[in-house]
Amino acid sequence: MNENTIRNSDPVTADAGTRVDAPAAGETRQREGAVRPLPEDAIAILAVRNVVLFPGTVIPLTVGRERSRAAAQEATRLQRPLGVLLQSKPDTEEPGPDELHWVGTTAAVLRYITAPDGSHHAICSGVKRFRVLQFLDGYPFLAARVQTIDDPAQVDADIEGRARSLKERALEILGLLPQVPQEMVGALNAVEGPAQLADFISGMMDIGVEEKQSLLEIFDLKTRLDKLLDLLSHRIEVLKVSREIDEKTRESIGDANRKHLLREQMRAIQKELGEGEEGAAELADLEKAIAEAKMPEEVERQARKELKRLERMPEAAGEYSMVRTYLEWLTELPWAAEPQPPIDVAEARRILDEDHYGLEKIKRRILEFLAVRKLNPSGKSPILCFVGPPGVGKTSLGQSIAKATGRKFVRVSLGGVHDEAEIRGHRRTYIGSLPGNIVQSLRKAGTRNCVMMLDEVDKLGMGGFHGDPASALLEVLDPEQNSTFRDNYLGVPFDLSSVMFICTANVLDTIPGPLRDRMEIIQLPGYTAQEKLQIARRYLVKRQLDANGLKPDQCEMGDEALNKIIDEYTREAGVRNLEREIGNVLRSVAVRIAEGKTEHVAIGPDDVASILGPRKFDAEVAMRSSVPGVATGLAWTPVGGDILFVEAARMPGNGKLILTGQLGEVMKESAQAALSLVKARSSELGIAAESLEKSDIHVHVPAGATPKDGPSAGVAMFVALASLLTARSVKSDVAMTGEISLRGLVLPIGGVKEKVLAALRAGITTVMLPERNRRDLEEIPAEAREKLTFVWMERVDDALANALTNPAR
Ligand SMILES: Nc1ncnc2c1ncn2[C@@H]1O[C@H](COP(=O)(O)OP(=O)(O)OP(=O)(O)O)[C@@H](O)[C@H]1O
Ligand SMILES: [Mg+2]
């Protein structure tokens with residue numbers, strides 16, 4: 001490099017023709033001198049920091065440095081192109097050969113501009129690639145001997161094809177870019193020749209200078225085109241993705257903005273109408289309620305989240321009231337864990353006795369339950385379930401338990417609940433959804449320390465399309481799970497562990513098994529007439545006096561009157577109708593006293609008849625069974641026991657058996673069995689076998705609309721048939737129950753207690769029961785045992801011996 005070096009001290013004069021850097025006259029003179037001419041193959045070099053000039057493109061270059069200006073002037077003076085080289089180290093102020101790339105572009109300076117702020121710019125048009133062969137020393141500017149590089153004049157198909165795709169891709173990019181001036185597309189289309197196209201695109205591309213420089217340094221056109229194609233493809237992918245993202249964000253921003261604007265407008269309108277303040281007050285109230293509700297952390301967090309949502313919502317939005325209702329529910333539930341009220345067992349005994357007559361065994365069991373709870377409050381005590389016919393005091397026992405333990409009492413009726421959601425609530429996404437009835441009654445109770453009575457668990461619908469209500473109830477009752485009971489509507493757990501649950505049912509067998517296993521069953525069979533009288537005397541009359549605004553000294557109701565009501569106006573296991581009839585009597589007394597007709601009334605049996613009208617229940621038994629072919633059976637029903645009649649009739653025919661009265665399969669079969677048994681004994685009974693063949697037998701069980709089933713009417717059917725065919729009537733004060741076998745055995749049955757009480761109510765004096773039910777005798781109230789005669793049957797012949805009257809003839 002050094003052999004061509006020109007001494008550094010040799011001055012160079014600027015071309016006076018250019019208006020650049022117009023030096024003071026004296027100064028110019030001073031520096032004037034012989035200029036060392038550049039060699040033929042050398043050019044002045046302009047070092048640039050941050051642009052790459054490509055052949056065929058035009059760019060403005062800033063000419064700031066002294067040496068740059070000198071270079072530009074020299075190029076102009078010599079009318080040679082200016083060599084533009086990129087600095088490899090942009091920070092260097094006076095770059096030497098080592099701080100420059102050695103490949104650049106020769107440029108024609110189209111114009112030279114001095115900007116108003118004094119900076120200089122050259123508008124350069126790229127001409128050709130060049131490679132530096134040698135830098136020359138000794139000039140006041142950079143100078144180098146260079147070799148220019150020509151692109152091939154001949155274009156083959158390879159290059160042609162690449163050039164075409166390059167153009168397509170470039171156009172595609174322009175299409176993807178926002179706001180591309182139409183001229184740009186025109187310019188691109190106007191470019192001719194693959195090399196020119198490559199350089200034009202290279203210059204335009206939005207890539208780093210170093211990358212551009214590397215494009216410039218690819219001398220082989222085909223390689224350069226490939227490299228460019230690659231770059232453009234990548235670029236297209238990036239643009240497409242970013243455009244997608246762009247569109248998405250633009251959409252969502254647009255949407256959010258619109259909503260925000262609308263909301264603002266709505267606020268303004270509401271404010272104008274004076275409505276917003278109300279809403280604000282409401283929000284403040286809710287906020288306060290949340291703070292005071294003593295919610296667990298998780299719940300409070302949820303509540304505040306919903307409140308935030310509410311604040312951002314316009315009041316008129318449908319969702320607003322939904323969220324508000326939800327928050328009201330949340331804030332009004334008894335979250336606070338209060339200490340459980342202490343249990344005073346002696347006081348509990350007093351209250352139970354005060355409210356209920358008799359029921360000694362049941363009261364004892366309840367007191368045991370309370371005592372255990374008192375000694376071990378956190379222990380998993382069983383759930384009581386009262387089972388018995390209506391009106392026997394299940395609900396009122398529950399109320400007494402609440403009173404005795406100082407708890408609030410709430411009822412949840414489960415009768416006919418088919419949908420799990422009734423227990424557990426509907427999800428909030430449903431319009432008009434609400435919490436389930438467990439949570440609803442907790443809000444009513446206002447405390448978690450309550451007695452919650454789940455009524456009619458036996459009438460709970462079976463699991464089906466809407467989920468299984470029984471399994472939801474299991475979760476409620478399970479001490480392992482109910483501390484985090486989740487209502488669908490609330491969506492947060494609620495602790496039910498301090499609720500005291502008591503269930504009631506009329507029937508045991510329809511309570512879902514898993515539920516029954518979890519409960520301690522307490523049976524209430526129903527009352528005898530004597531017990532009913534006591535209950536009426538001690539409780540029902542007093543209560544009805546009170547209810548009708550009468551004072552005890554204004555009205556007296558004697559035992560005879562009460563007995564008349566019990567016997568002739570009611571037939572039930574419980575005392576509900578009894579209380580109602582007493583109420584009816586007292587109401588009419590109240591009217592007379594209010595009218596001033598009298599001041600004191602003593603009600604006797606005749607008054608009952610004149611007030612309540614003709615008796616509602618007869619001693620039906622005597623009337624019905626006075627003809628042959630009718631027997632009195634005993635049935636067990638969900639409402640306690642009852643008597644039933646079996647009627648048999650005979651008509652000419654050919655030995656058919658007709659059965660009516662909505663009999664179930666089992667009952668029909670026992671009628672068949674009864675007839676077979678009678679036929680088998682026809683000679684003993686004195687029945688002419690040939691007369692049987694020429695007649696049809698009809699067996700009917702009245703109360704025909706009620707379906708009946710079960711084997712326990714077998715004995716009654718047998719007796720009715722035997723009575724019919726022997727023409728001996730059945731004793732009117734005898735009732736019977738028992739299953740029969742074809743060998744003539746009497747098999748045991750269930751529900752003895754209820755059946756016996758029903759017989760007593762109906763005025764029966766003799767009850768015939770299977771021998772094998774003798775062990776149930778002790779369950780039967782003493783009063784019933786005293787009043788009734790019991791016949792224990794081993795075989796059907798025992799029934800005939802005791803039930804049939806002597807032959808009429
Ligand atoms: N042993 C009793 N002593 C005093 N009152 C009684 C007794 N048994 C029942 N009662 C009264 O009879 C009425 C009916 O009782 P309750 O409502 O508890 O019946 P229930 O068993 O819950 O019936 P249901 O199955 O129809 O709900 C109540 O007013 C109750 O106080
Ligand atoms: Mg009840």
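Trainee: Let's start with helix H13. Which of the residues in H13 are buried?

Mentor: Keep in mind that we're looking at a predicted model. Helix H13 covers residues 394-404. A residue counts as buried when its relative accessible area is under 20%. In H13 that gives Lys394, Leu397, Gly398, Ser400, Ile401, Ala402 and Ala404.

Trainee: What covers those buried residues of H13?

Mentor: Both helices and strands take part. The helices include H11 (345-355) and H12 (360-375). As for strands, the cover includes E7 (383-387), E8 (408-413), E9 (450-455) and E12 (500-505).

Trainee: And which residue takes a positive phi just after H13?

Mentor: Helix H13 runs over residues 394-404, so look just past its end. The phi there is about 65°. The residue is Gly406.

Trainee: Where does Lys294 lie, and is Lys294 buried or exposed?

Mentor: Lys294 is worth a look, with a positive phi near 55° in a residue other than glycine. Lys294 lies in the loop between helix H8 (276-292) and helix H9 (297-312). The cut-off for exposed is over 50%. At 60% relative accessibility, Lys294 counts as exposed.

Trainee: What about Glu456: where does Glu456 lie, and what is its relative accessible area?

Mentor: Glu456 has a positive phi too, about 60°, although it is not a glycine. You'll find Glu456 in the loop between E9 and helix H16 (469-477). Glu456 is partly exposed, with a relative accessible area of 28%.

Trainee: Which residues does Ser413 touch, not counting residues up to four places away in sequence?

Mentor: Ser413 is in strand E8 and is partly exposed at 39% relative accessible area. Ser413 and Asp455 are 42 residues apart in sequence, but their C-alpha atoms are 4.8 Å apart in space. With those sequence neighbours left out, Ser413 touches Asn437, Asp455 and Glu456.

Trainee: On to helix packing. At what angle do H3 and H5 pack?

Mentor: Helix H3 is residues 157-176 and helix H5 is residues 194-204. Their axes are 10 Å apart, and the crossing is left-handed. The angle is about 30°.

Trainee: How many nonpolar residues are in the contact of H3 with H5?

Mentor: From H3 come Ile159, Ala163, Leu166, Lys167 and Ala170, and they meet Pro194, Leu197, Ala198 and Ile201 in H5. Sort the contact by type and you get one charged, no polar and, for nonpolar, eight.

Trainee: How many of the 11 residues in H5 are buried?

Mentor: H5 is mostly covered. Its buried residues are Pro194, Ala195, Leu197, Ala198, Asp199, Phe200, Ile201 and Ser202.

Trainee: Which ring does the charged end of Arg428 sit over?

Mentor: There are two arginines to talk about here. Arg443 lies over the face of Trp329, at 3.8 Å from the ring centre. The charged end of Arg428 is 3.6 Å from the centre of its ring, which belongs to Tyr326.

Trainee: Is Thr528 buried or exposed, and which residues does Thr528 touch?

Mentor: Thr528 lies in the loop between strand E13 (519-523) and helix H18 (529-547). With a relative accessible area of 1%, Thr528 is buried. Not counting residues up to four places away in sequence, Thr528 touches Leu757, Leu760, Pro781 and Glu783.

Trainee: Last one: how many Å apart in space are Leu685 and Arg162?

Mentor: Leu685 lies in helix H24 (residues 682-685). Leu685 and Arg162 are 523 residues apart in sequence. From C-alpha to C-alpha, the separation is 121 Å.

Conventions
Residues numbered from 1 in each chain as written. Chains lettered and ligands numbered in written order. Predicted model: local features only at pLDDT ≥ 70, side-chain atom pairs only at ≥ 80, totals over all residues. Heavy atoms only, no water. Buried < 20%, exposed > 50% of the residue type's maximum accessible area, 1.4 Å probe, protein only. Helix = DSSP H or I, 4+ residues; strand = E, 2+ residues; numbered from the N terminus. Contact = heavy atoms within 4.5 Å. Lys NZ or Arg CZ within 6 Å of the ring centre and 35° of its normal. Axes fitted to C-alpha atoms, helices over the stretch in contact; angles between N-to-C directions. Left-handed = near helix turned anticlockwise from the far one by under 90°. Nonpolar A, V, L, I, M, F, W, Y, C, P; charged D, E, K, R; others polar.
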